[in-house]
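Let's take a walk through a protein together.

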Amino acid sequence: GLTFDGLLINEGVLGPVTRMIGAADVRYKIAGIKVARTFFGEAEAIEHFLRMDLKGAVLLATLPATADAKPRNEEELKQQQEHQKFAAEVLCDMADVNTRLDFERDLTKTDVLNFLAMTLNQVPDAEETVTHLLRKLAATPAHLPILLEAAVGDILESYFKTARLDRPARKAEFEAWRRSQRALAHCADCLAQFVKYGYSCQVDLRTLVHSLERSQE
């Protein structure tokens, strides 16, 4: 029998959701994406989201209203970073879709990989989510040449070399440090997959292993 979500789809719920996602106002767009996210278990919904390019809409929600617009103050910068983090979380969820259709091809497109690289560099709160998504993508051997061609290996190495490895003395900094350790573990796993594919990694192997072990502490 149909699931509750399946019944809603039969009643035409994806139409209004699509209109919300297509709204010019980013608040409506994000609200629509949040609703769409709840239908990721339904193959019919995935087929619909692929046709309407949900991936593109998710990325669009992170952009300013005009191409040259920049955050004018701390509040606008914080909001933009929150949108970037939200988009990374949705994309990460999209990688887990396991119906007869999935978002696999969309998630290895250049625009997504560029967004992930930018977000990893600009939004500390999103580093764990971004690296987790890259780890998921790297787990599929067919994705490795695409990721390496997009310089993901170099991007992760750069992150690895600039991230804080030593445990902070101040308690207030500990949670951010733990988050970065989990991100480093995702990086280490990705880079290990790349090495298997023939990538020449500049991060010492012992450092990679240590990061994976530390994430389990």
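**Rings, a helix and a hole**

Start with the rings: F40, F49 and F103 form one aromatic cluster. Keep in mind as you look around that this is a predicted model.

How many aromatic pairs turn up in a search of the whole structure? There are four of them. One is made by F40 and F103, whose rings are tilted, with 5.6 Å from centre to centre and 55 degrees between the planes. Now check where these two partners come from. F40 lies in the loop between α3 (26–37) and α4 (43–52), while F103 lies in the loop between α6 (74–94) and α7 (104–107), so this pair ties together parts that are 63 residues apart in sequence.

F40 comes in at 10%, so F40 is buried. F103 has a relative accessible area of 1%, so F103 is buried too.

Another of the pairs is F194 with Y199, and this one is edge-to-face. Here the centres are 6.0 Å apart and the planes make an angle of 75 degrees. Both F194 and Y199 are buried.

Next, move along to helix α9, which covers residues 127–138, and pick out T129. Why does T129 count as buried? Its relative accessibility is 16%, and the cut-off for buried is under 20%. So which residues does T129 touch, leaving aside its neighbours within four places in sequence? T129 is in contact with A88, E89 and C92.

Last stop: the empty space. Rolling a probe the size of a water molecule over the atoms shows where empty space is left. In this model, the count comes to one cavity of 30 Å³ or more, and the volume of the largest cavity is about 40 Å³. What lines it? The residues are L113, L116, A117, L134, V152 and I155. Two elements, α8 (110–122) and α11 (152–162), each give two or more residues to this lining. The largest share, three residues, comes from α8. Sort the lining by class and you get six nonpolar residues, with no polar and no charged ones.

Conventions: Residues numbered from 1 in each chain as written. Predicted model: local features only at pLDDT ≥ 70, side-chain atom pairs only at ≥ 80, totals over all residues. Heavy atoms only, no water. 1 Å grid on protein atoms, 1.4 Å probe; cavity = no way out; pocket = protein on both sides within 12 Å on 5 of 7 lines; lining within 4 Å. Points joined across faces, edges and corners; volume = space filled by probe spheres on them. Helix = DSSP H or I, 4+ residues; strand = E, 2+ residues; numbered from the N terminus. Nonpolar A, V, L, I, M, F, W, Y, C, P; charged D, E, K, R; others polar. Buried < 20%, exposed > 50% of the residue type's maximum accessible area, 1.4 Å probe, protein only. Contact = heavy atoms within 4.5 Å. Phe/Tyr/Trp six-rings, centres within 6.5 Å; stacked < 30°, edge-to-face > 60°.
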